[in-house]
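Let's take a friendly look at a protein together.

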Amino acid sequence: MTNWTGVFPAVTTKLTEAGAVDIEATKASIDRLIENGVSGVIVLPMLGENASMNMKEREAIIRGAVEVANGRVPVLSGLAEVTLENAKANAALYKSFGAQGLMVFPSLGYKTDIRETAEWYKGIASASDLPIMIYNNPIAYSVDVDIETLRLLKDVPEIVCIKEETGDVRRVTDLYVEFGNRYSIFCGVDDLIVESSALGVTGWVSGMTNVWPAEAVKLFNLCQSGNYKEARKLYHVLTPSYHLDVHVKLVQYIKLAEHLVYGAPEWTRAPRLPLVGDEREYVVSTVQKAIEDLKTL
């Protein structure tokens, strides 16, 4: 069984100002992440503007990521669809493009109940042999892949990991109490990573790792080694910026932060627009304070 561990950034898709996919900038950003020690990458997450990409663009992004990773870390792709028919077809397609795993959203078009949610994930698992990370974000998608649902999925071998993003850190312990080590549990919220690590998560799907990958890996490793005293020092510096990961405009916020830190393009695809005014200044000042404070550690 696949055993994913470590820091897996949810990679932003780099775009030109005109809105076209900048595949070379995207590949360069993935190489930067890997060189800074991440354990895997996830392309086409929500943060990667999955729903805004056509299939030709998705193929280029997955193939480009696999090429630049070159076996150094696993490459997962987000899978976000409305119908089970499309989800199954695209699971098989993404495997053919080279993806080594899938981070699967619930149906984007309908609030499924427990039975329907379980059948959704079972159906996608049947479409390929790729290992699956369940993307559980009920705050954004109104579907909670909760313990009752996961009981219905525990015998599906392709489902190996839960990205836990309920915002309630108690869920981590509840999952371990119910399932032991049946599922790998990843923290999916940047500003809960130290708290989640204390409860035993073995991985982290992170947005702000796009901005500060080496620092995120250091933070995760400090927690894994039990050195919470040093972890808290770094966490206190990063947490104001990590709060940007849980805002509805996290795509714009994180892309702007990337631009400020290492010059990546900040452009997003409409209907998302560039940040302006006080909102832009808030993100800039938050990130710049972290840049300065990191120099003191």
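This is a predicted model: local features need pLDDT of at least 70, side-chain atom pairs count only at pLDDT 80 or more; totals for chains, interfaces and linings use all residues.

## How two helices cross

In it, helix 3 passes helix 4 in a right-handed crossing.

You can find helix 3 at residues 84-97 and helix 4 at residues 114-125. Angles under 35 degrees count as roughly parallel, so helix 3 and helix 4 are roughly parallel to each other.

## Who touches whom

Which residues make the contact between these helices? Helix 3 contributes L84, A87, K88 and A91, while helix 4 contributes E119, W120, G123 and I124. Sorted by class, the residues of this contact are 5 nonpolar, 1 polar and 2 charged.

## Two cavities inside

How many cavities of 30 Å³ or more does the structure hold? There are 2. The largest has a volume of about 50 Å³, and the residues lining this cavity include E164, D168, V172, C187 and L192. Its lining divides into 5 nonpolar, 3 polar and 3 charged residues.

The second largest cavity has a volume of about 40 Å³. Look for Q252, L256, E266, W267, T268, L273, P274 and L275 around this second largest cavity. Its lining has 5 nonpolar, 2 polar and 1 charged residues.

Conventions. Residues are numbered from 1 along each chain as its sequence is written. Side-chain values use heavy atoms; hydrogens and water are left out. Axes are lines fitted to C-alpha atoms, for helices over the stretch in contact, and angles run from 0 to 180 degrees between N-to-C directions. Helices (H or I, at least four residues) and strands (E, at least two) are DSSP runs, numbered from the N terminus. Angles under 35 degrees count as roughly parallel, over 145 as roughly antiparallel, 65 to 115 as roughly perpendicular and the rest as oblique. A crossing is left-handed if the near helix is turned anticlockwise from the far one by less than a right angle, and right-handed if clockwise. Contact means heavy atoms within 4.5 Å. Ala, Val, Leu, Ile, Met, Phe, Trp, Tyr, Cys and Pro count as nonpolar, Asp, Glu, Lys and Arg as charged, and the others, Gly among them, as polar. On a 1 Å grid over the protein atoms alone, a cavity is a set of points where a 1.4 Å probe fits but cannot get out, and a pocket is an open set with protein on both sides within 12 Å along at least five of seven lines; lining residues have an atom within 4 Å of a point. Grid points are joined across faces, edges and corners, and a volume is the space filled by probe spheres set on the points.
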